[in-house]
Amino acid sequence: MTDTAVAPSSAAAVAQRARHLATELPGPRSRELEAERRRHVTEGFGVTLPVFIDRAEGSLLVDVDGNRIIDFAAGIAVTSVGAANPRVAERAAAQLSRFTHTCFMVTEYSSFVEVCRWLNEHTPGDFEKRTALFSTGAEAVENAIKIARSATRRPNVLVFDEAYHGRTQLTMAMTAKENPYRITFGPLPGSVFRGPTAPAHLAPSGAGGESSAGEASGAGEASAVVAQALAGVEEVLAAAGPHTFAAMVIEPIQGEGGFVVHAPGFLAGLRELATRHGIVLVIDEIQAGMGRTGRLFASEHDGVAGDITLSAKALGAGLPLSAVTGRAELMNAVHAGGLGGTYAGNPVACEAALAVFELLEDGALLAGACAVEKAVRERFEPLLALDGVVSVRGRGAMMAIEFGDSSGPRADLAKAAAAAANAAGVLTLTCGTHGNVIRLLPPLGIEPEVLDEGLAVLEAAVREALS
């Protein structure tokens, strides 16, 4: 397969957009760089596939050995518009030529305000909003808690089973998964309580973007699952006193927890509980937002608006940027100087976000996300008939395949299938509390032929793992 540049309409140009393995993965140059990495970088950083990337081409990552790898990870849902989007590069480069930083708390710049304006206009909720910009998702979560506590003068925070909210001390306490996120890092902050959820794949109606093996019952049983979970949440609130809770924080689709979609009515039930008890409902859209599920924000699928909505990851298209958007009266409850950060809302990252907003305008990327879901379901739902695959779930370009059998979760199957796909040049990630879920996070505009090839490789890897 040639790497010579040719006219876009030629067969060779089509081949340029295809997966290609010039060497085994990792190749010799990547192995050399990995050895260098181990001499200089802490072992505390794990890595899914130890290849070193040279550049991106559409939905492909090209490594230093010339391998072209299909990207089903998107930097963990960060590069949703592609890892080398020309419009993002154009706007960021133009800003780099003007200035790289001033700190918005020292002197201001208009791109910060423009990002806030767009988020105020587009996040769910028919009420006046204000936005604060930060750098990382964990920063957004922590600042949302600061805002909720400042506005309510209450200490406690309610989070949920399977939740992931970050790696800082507070967000580790809010995260459910012990290993690798919490283990050895205690003691963790207190005032964090955990409630149950109602996963749609465990509510046998199959509603909410779920397909599962053994699906049989109807909406009545699903409603019972939701009612039971909400009753459990009320018990947690009652034990500490509802009046002590500042915030209730929930992912509309739980990412690291296993791409868990909530059963219909659960988020609405949380909304009602939060309103009744004067608790700030925080919707963590850090992984599921910015078009990932086929809507701008995943909570739109449930018709629920948080008092505060969190954005990050895809917001900056690879540049560090996060946002807290909420009711004006909540956001303005914090005293001047109480929010901020040296790099909060960096101007280069803001320009990248403005490019993302432009790219989302015509709806093509949202349609692309829906096309990803359709393709994944068509290829993998038939595998539910096989022993070992228990669920195909998700929304848009946030899809997952869960492995298990009568003995319980099968992390070994997920690990084997993902490793085989990675070795074949299709970059995939695992997740889930038990590590038994493969998650698919391709760029929203992934080329249909690249998507189809990648899914075919992954299907073969899954079948091999099950055999």
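**Exercise 1. A loop residue and its surroundings**

Is V304 buried or exposed? Then place V304 in the fold and list its contacts.

*Solution.* Step 1: the relative accessible area of V304 is 6%, so V304 is buried. The cut-offs are under 20% for buried, over 50% for exposed, and partly exposed in between (1.4 Å probe, protein chains only). The model is a predicted one, in which local features need pLDDT of at least 70 and side-chain atom pairs count only at pLDDT 80 or more, while totals for chains, interfaces and linings use all residues. Numbering starts from 1 along each chain as its sequence is written, and side-chain values use heavy atoms, leaving out hydrogens and water.

Step 1: V304 sits in the loop between β11 and β12. Helices (H or I, at least four residues) and strands (E, at least two) are DSSP runs numbered from the N terminus.

Step 2: leave aside neighbours within four places in sequence. V304 then touches P124, L267, A268, R271, L281 and S299. Contact here means heavy atoms within 4.5 Å.

Step 3: take R271 from that list. R271 and V304 are 33 residues apart in sequence, yet their C-alpha atoms are 7.2 Å apart in space.

**Exercise 2. The seven-stranded sheet**

In what order do the 7 strands of the open sheet run? Which strands are at the edges?

*Solution.* Step 1: the order is β4-β13-β12-β11-β8-β5-β6, and the pairing is mixed. Two strands pair if DSSP finds at least two bridges between them.

Step 1: β4 (129–134) and β6 (192–195) each pair on one side only, which makes them the edge strands.

Step 2: ignoring direction, neighbouring strands are turned by 20 degrees against each other on average.

Step 3: look inside the sheet. β8 (245–250) and β11 (280–284) run parallel and are joined by 4 bridges. I250 has I283 of β11 as its bridge partner.

Step 4: α6 (137–152) lies across β4, β5 (156–160), β8, β11, β12 (308–311) and β13 (322–327). Its angle to β13 is about 25 degrees. Axes are lines fitted to C-alpha atoms, for helices over the stretch in contact, and angles run from 0 to 180 degrees between N-to-C directions.

**Exercise 3. The four-stranded sheet**

Trace the open sheet of 4 strands, then describe the side chains of β3.

*Solution.* Step 1: the order is β1-β2-β3-β17, again with mixed pairing. The edge strands are β1 (53–57) and β17.

Step 1: α14 packs on this sheet and touches β2, β3 and β17. The direction of α14 makes about 90 degrees with that of β3.

Step 2: β2 (60–63) and β3 run antiparallel, joined by 3 bridges. L60 has I70 of β3 as its bridge partner. The hairpin of β2 and β3 has 4 residues between the strands, and G66 takes a positive phi near 90 degrees there.

Step 3: on to β17 (426–427), which pairs with β3 in the parallel sense over 2 bridges.

**Exercise 4. Two helices**

How do α4 and α11 pack, and which residues meet?

*Solution.* Step 1: α4 (86–98) and α11 (347–360) pack at about 150 degrees, with axes 8 Å apart.

Step 1: α4 and α11 are therefore roughly antiparallel. The classes are under 35 degrees for roughly parallel, over 145 for roughly antiparallel, 65 to 115 for roughly perpendicular, and oblique for the rest.

Step 2: α4 contributes R87, V88, R91, A92, Q95, L96 and R98. They meet P347, V348, E351, A352, L354, A355, E358 and L359 of α11. By class, this contact has 9 nonpolar, 1 polar and 5 charged residues. Ala, Val, Leu, Ile, Met, Phe, Trp, Tyr, Cys and Pro count as nonpolar, Asp, Glu, Lys and Arg as charged, and the others, Gly among them, as polar.
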